[in-house]
Amino acid sequence: MIHSKDNSEHYTWGNQCDSWILKNTQSLSVKQEKMPAGTSEKLHFHKVAEQFFYILKGEAVFYINEEKFLIGQGESISIEAGSKHFISNESTEEIEFLVISNPPTDHDRIEIKE
């Protein structure tokens, strides 16, 4: 079956961020997400899941184990299980990206209080 934002399950998270579930099985999750300018998620980690982010539009900032990475359109970054991380949009434009998780992060997200 062909999937796109138009025919996939949608939900919002954080501060007006969007997610479309393109694929979700026991071993793999593929989501397309959009973050408005000036938004970010909370610092967290996954005990089991490894994640791969591919930037479709804009420039994302990733904080991984207290290091800062700028990832631009057409670039990607992998995050190993157990790594403390979050994505942030510190630009004035929205960003759009794919996030692929193996296995899915359902029930495998531990937020870190600061």
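**View 1. Aromatic pairs in the predicted model.** This predicted model holds 3 aromatic pairs. Phe 53 and Phe 62 are both buried. Together with Phe 97, these residues make up one aromatic cluster.

**View 2. The stacked pair of Tyr 63 and Phe 86.** The rings of Tyr 63 and Phe 86 lie 4.8 Å apart, centre to centre, and their planes form an angle of 15°. Tyr 63 belongs to strand E6 (residues 59–64) and Phe 86 to strand E9 (residues 85–88), so the pair links distant parts of the chain, 23 residues apart. Tyr 63 is partly exposed because its relative accessible area is 22%, a value between the limits of 20% and 50%. Phe 86 counts as buried because its relative accessibility is 19%, and the limit for buried is under 20%.

**View 3. A nonpolar surface patch of Phe 52, Tyr 54 and Leu 56.** The patch is on the surface, and its residues have about 220 Å² of accessible area together. Tyr 54 is placed in strand E5, which covers residues 50–57. With a relative accessible area of 31%, Tyr 54 is partly exposed; residues in such patches have over 30%.

**View 4. Lys 5 and the ring of Trp 20.** The charged end of Lys 5 is positioned over the Trp 20 ring, at 4.7 Å from the ring centre.

Terms used
Residues are numbered from 1 along each chain as its sequence is written. This is a predicted model: local features need pLDDT of at least 70, side-chain atom pairs count only at pLDDT 80 or more; totals for chains, interfaces and linings use all residues. Side-chain values use heavy atoms; hydrogens and water are left out. Patches are made of residues with over 30% relative accessible area and no salt bridge: like charges are joined within 9 Å, nonpolar side chains (Val, Leu, Ile, Met, Phe, Trp, Tyr) within 5 Å. Accessible areas come from the Shrake-Rupley method with a 1.4 Å probe; for residues, only the protein chains shown count as cover. A salt bridge is a side-chain nitrogen of Lys or Arg within 4 Å of a carboxyl oxygen of Asp or Glu. Helices (H or I, at least four residues) and strands (E, at least two) are DSSP runs, numbered from the N terminus. Buried means under 20% relative accessible area, exposed over 50%, partly exposed in between (1.4 Å probe, protein chains only). Rings of Phe, Tyr and Trp (its six-membered ring) pair if their centres lie within 6.5 Å; planes under 30 degrees apart count as stacked, over 60 as edge-to-face and the rest as tilted. A charge sits over a ring if NZ of Lys or CZ of Arg is within 6 Å of the ring centre and within 35 degrees of the ring normal.
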